[in-house]
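Reader: I have a structure on my screen. Where do I start reading it?

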Amino acid sequence: MKKILRNQQQRQVDTNMTNLSLAPRTWKRKSFIENQTVRYSICAGVILYLFLSFNTLEINWIRVWEGLPRGQKFLAGFAPPDFISRWEEIVDGVLESLWMTVASTVVGIFISIPVALGAARNIAHPSVYYFCRGIIAISRSFHEILLAIFFVKFFGFGPFAGFVTLSFATIGFFAKLLTEDIEDTSVSQSEAIQATGANWWQWINYGIQPQVMPRMIGLGLYRFDINFRESAIVGVVGGGGIGATLNTAFDRYEFDSAAAILIVIIAIVFFVEYTSGIVRKQVQ
Amino acid sequence: MAVDQQGEKKVWQRFDKKKQRLHWAGWFTGTAIFVYCFQLISEKTFWMFVWDSPNQVGDLAYRMIPPTWGYFDKIWEPLWDTINIATLGTVLAIFIAFPTAFLAARNTSPSVIFMRPFALLVIVSSRSINSIIWALLLVAIVGPGLFAGIIAIGLRSIGFVAKLLYEAIEEIDHNQVEAIQATGAGQLQVLAYGIVPQILPAFAGISVYRWDINIRESTVLGLVGAGGIGLQLNASIMELAWSKVSLILIAIIITVIFSEWISAKVRHAII
């Protein structure tokens, strides 16, 4: 507060000094980054970065230009979407994606809970803490598709590899957010439970769990939603689901079927997101 | 709170009988659905391959360790490309997402009946289609390379940035807007002086957060030909040079953790 006041006074003095000729003073909006040196150095850094990055970009504009009419033809291939000729495969793919999503969300969350307990600073012993943090970091660093490549190699083609991939990816997301939530829980409630002589399990179950449960349900639904979306891509590298159907459609140059699949994905995501939004509102 | 009478003793229970039964039914249905889904997955699985996986893991670990450290010289450039894809893609997305968010927010949309559903449709389609699929499309249109990657990242991020931003716009403090209106400001002035300053911190935070996600996404775009470190990764996997693959994975982990650290720092500084 004091600093702001001093700034204002300083500014007042500045304006008085520069406006000795009694010219009308104009108000200027306070800028987002107040420190002038920081502001200018950030601007300079951004310009330097853009210059460097555009220099190394090597965009083949001729190729892009030549590609545009082809792109048009390509996009024209998408319309109208053809739902009929591959309908059975689409339904199969969507169902497979849904099974994968359900199973992987459940398994992922079940594994996340101990990991999150281990990674929460207020519960875990330091040795466990670093181990669990490591699991979360690894799971979060790798994109689902990278994981899928390896799991497809380990477990063979099909939905099982996709299921394992999504479960593993769920751990990173869910355990991290749950950990933050556990660390934010109120100490007084958990101390009250400890004061009754509760053992460790009772402490977790009655002191911590009720505090994090509402948000956990919300997060679980959110992750369900993400897992469905991701299940559309693990198929591209052989992990089963609607992604496999989509990839096949691309490989056969059946772009009208591909368009139908994309529309189906968008519609389902929209539906899942809408319903999970309603459920989340009810829970919280 | 419920009390359970067991003979003489009274035992405290967290839920009463009715709620307990409800919980039990919920868990039962949930488990049944899960078992059913898993059953269907397992029907489509060759369990022979799954049981063989420990051998596969061992074999792969044997091939991946130690990483070819000398290969590091060759991945600086693709790493730089990857960061460029993420950054320029995010910049592109921000430019499109900013107006889209204003069209989508209930309190700033020029027409709630026409523009808002349109903007929401843009947001949903952008969010539902993964950047890999965008890249798959764009590589076919503009050719393989960084450009396709940048556009793919951009298109995917529009929905994310616009969605979070329009939620922020809908939650602004209305008093400030009215104060600006009371000075006789025009609509654009209200926007610039009443609304934008309120959402600017959220906007900066969202952008940096998305940039951090985009770094992770851009590491795999190369798998479908859209430039970046994924190209090297794909090439190494194709030639079964697993020791190079492990080096690239290490590079990816370091980059991702570094970007996450930067984004966390920046967001802390802003908020």
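Author: Start with a term. A salt bridge is a side-chain nitrogen of Lys or Arg within 4 Å of a carboxyl oxygen of Asp or Glu. Keep in mind that this is a predicted model.

Reader: How many salt bridges does the rule find across the interface of chain A and chain B?

Author: The rule finds 2. One of them joins the side chains of A:Arg140 and B:Glu260, at 3.0 Å from N to O.

Reader: Which classes of residue make up the side of chain A that touches chain B?

Author: That side has 41 nonpolar, 9 polar and 8 charged residues. Polar contacts exist too: 7 residue pairs, both partners at pLDDT 80 or more, link chain A and chain B.

Reader: How many residues does each chain bring to the contact?

Author: Chain A gives 58 residues and chain B gives 67. About 5,800 Å² is buried between the two chains, and carbon and sulfur atoms give 76% of that area.

Reader: Which residues in chain A lose the most area to chain B?

Author: A:Phe32, A:Trp99 and A:Phe154. Together they make up 11% of what that side buries.

Reader: Into which domains is chain B divided?

Author: Domain 1 covers 2–45, and domain 2 covers 64–269. Their centres, taken over C-alpha atoms, lie 42 Å apart.

Reader: What is a disulfide, and how many does the structure hold?

Author: A disulfide is a covalent bond between the sulfur atoms of two cysteines. Over all chains, the structure holds 0.

Reader: Is A:Cys132 buried or exposed?

Author: A:Cys132 counts as buried because its relative accessible area is 6%, and the cut-off is under 20%. B:Cys37 is buried too, at 5%.

Terms used:
Residues are numbered from 1 along each chain as its sequence is written. Chains are lettered from A and ligands numbered from 1 in the order in which they are written. This is a predicted model: local features need pLDDT of at least 70, side-chain atom pairs count only at pLDDT 80 or more; totals for chains, interfaces and linings use all residues. Side-chain values use heavy atoms; hydrogens and water are left out. Contact means heavy atoms within 4.5 Å. Buried area is the accessible area (1.4 Å probe) that two parts lose on being put together, summed over both. A polar contact is a pair of N or O atoms within 3.5 Å; within protein, one must be able to donate a hydrogen and the other to accept it, and residues adjacent in sequence count only if both atoms are side-chain atoms. Ala, Val, Leu, Ile, Met, Phe, Trp, Tyr, Cys and Pro count as nonpolar, Asp, Glu, Lys and Arg as charged, and the others, Gly among them, as polar. Domain bounds come from an automatic or database domain assignment. A disulfide is a pair of cysteine sulfur atoms within 2.5 Å. Buried means under 20% relative accessible area, exposed over 50%, partly exposed in between (1.4 Å probe, protein chains only).
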